[in-house]
Amino acid sequence: FYPGASVSFIPTSALKFGGETVNYLKFRYAYATSSGYPPPYRTRSTLVIDPLRFAAEDGVYPVTNRYSTRYANLNLKPELHKEVEVGMEAKLFHNRVTLEASAYMRVSKDQIVESRLAPSSGYDDQYINLGRIDNEGVEVDFGVDIFRGHNFRWNLRNIFTADESLVVQTTPTGADIFITEDRYAVEGQPFGVIKGDYALRDEDGNLLISGNGSSTRVGEVITSDDVGLDTKVIGDPNPDWKLTTINTFGYKDFTLSAQMEYTHGGEIYSSSVVNMLQRGSAKETENREGTFIIPGYLADDDTGEPLLDANGDQIPNTIQLNASRVGYSNYYNANDLGMWDTSIFRLREVSLGYTLKPMKGQKLPFKKMDITLSGRNLWYRAPNFPKYVNYDPESDGWEGDSTVPSTKRIAFGVSVTF
């Protein structure tokens, strides 16, 4: 049983007000509950029939059976979602201005996630229930007919969205749940935060550099793994907000539209970018003939405690390293130094269309014909990534390990209405 209810009030109709300024005004409130279920075969063990796993000497492939590497969870429960939303809709100035805004809060209990298992278990993963995840956010859709004439039209539409999640409870013990790649569910953090090792820093945020290690260690960044510290949350991949702007121009039977997008915030660890920088395949690394000094202060190689001079002051690092030791052997060993802000500008789509309709008194075998030429993902810029890497964080769903370039698509279409 999943109850829900909604109510709305339209004062422009009920109270007969507005006139030419406020053409339409509506307020709404909704409460809803729903459930979520996992894909099939997550609560029972399965037998996998594999006809191509082995080949006999005579070239025949015998049919083999094996247990699935997914560990069944007999106690898996359906998700329960509860959501409250309030919003308003308005049309103003002879419907030239439109506004739709809403705010929501969602509580998800027993959310189903795929959790990776230790290899020693003999299985790869298991579907489990998380305790509780809360989401809250806003959505605003604002449109303006900037120019609305007989032959020429110009409409501007802006869509703003922001969503924030919070893991209230993972398990009864509060354990961190490994989701996938480097993403975790951690109590008190947004869902899917990134955990990893990190570079040690002093109280002012300066890097701590090995000052008394071996000859292959001095001058290098000290990481949490070097001194036996546990991993910690080093980033949140969830964007803070998104803005989409759509300009649509019309002249007689021609239409031109362009959709620009900006995503603000979010961080990822990108193994692809790290590999390009470490291996010298990016233009940023072309100056690698000299020696380099990593900015920071010297610290004890075993404990990570800052080293002090005779006056009790920290000692700046002056140890020179070659490019290989800086880039390939050390600097990016700390996961947090391979994190990048995924804010990105994108020209999502440009479309040019023409509508062919029979003129008055003219006979054609169709009512109208729409001809469209469009392009998607024509340009993007992620300003916080190294410039010449030209990395598109969207290419692999913000996981950071894509090894293929971003794609563009050009399409030509004809639609005929009879």
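Biologist: Why does Glu181 count as partly exposed?

Modeller: Its relative accessibility is 43%. Buried means under 20% relative accessible area, exposed over 50%, and partly exposed lies in between (1.4 Å probe, protein chains only). So Glu181, at 43%, counts as partly exposed. One caution: this is a predicted model, where local features need pLDDT of at least 70, side-chain atom pairs count only at pLDDT 80 or more, and totals for chains, interfaces and linings use all residues. Residues are numbered from 1 along each chain as its sequence is written, and side-chain values use heavy atoms, with hydrogens and water left out.

Biologist: Where is Glu181, and what is its phi?

Modeller: Glu181 sits in the loop between strand S11 (177-180) and S12. Strands (E, at least two residues) and helices (H or I, at least four) are DSSP runs, numbered from the N terminus. Glu181 has a positive phi of about 50°, although it is not a glycine. Most residues other than glycine have a negative phi.

Biologist: Which strand holds Asn377, and is Asn377 buried or exposed?

Modeller: Asn377 is in strand S24 (residues 368-381). Its relative accessibility is 11%, so Asn377 counts as buried. Its phi is near 55°, a positive value in a residue other than glycine.

Biologist: What makes Arg28 and Glu85 a salt bridge?

Modeller: The definition asks for a side-chain nitrogen of Lys or Arg within 4 Å of a carboxyl oxygen of Asp or Glu. In this pair the closest N and O atoms are 2.9 Å apart. Therefore Arg28 and Glu85 form a salt bridge. Arg28 lies in strand S2 (residues 22-36) and Glu85 in strand S5 (residues 79-92), so the pair ties together parts that are 57 residues apart in sequence.

Biologist: Which residue forms a salt bridge with Glu100?

Modeller: Arg28, with the closest N and O atoms 3.5 Å apart. This pair links distant parts of the chain: Glu100 is in strand S6 (residues 97-109) and Arg28 in strand S2, 72 residues apart. Glu100 is partly exposed, at 37% relative accessible area.

Biologist: How many salt bridges does a search of the whole structure find?

Modeller: The search finds 22. Among them is the pair Lys368 and Asp370, at 3.8 Å, N to O. Salt bridges that share partners also join Arg217, Glu220, Asp226, Asp301 and Arg325 into one network.

Biologist: How do you know that S6 pairs with strand S9?

Modeller: Two strands pair if DSSP finds at least two bridges between them. Here 13 bridges join S6 to strand S9 (residues 132-148), so they pair, and they run antiparallel. Thr98, for one, has Gly143 in S9 as its bridge partner.

Biologist: What is the strand order of the open sheet of eleven strands?

Modeller: The order is S1-S2-S5-S6-S9-S10-S16-S17-S23-S24-S25, with antiparallel pairing. Strand S1 (4-9) and strand S25 (409-417) are the edge strands, as each pairs on one side only.

Biologist: Why is Gly192 called buried?

Modeller: Its relative accessible area is 9%, so Gly192 falls under the 20% limit. Gly192 lies in the loop between strand S12 (183-185) and strand S13 (193-196). Not counting residues up to four places away in sequence, Gly192 touches Arg183, Tyr184 and Pro237. Contact means heavy atoms within 4.5 Å.
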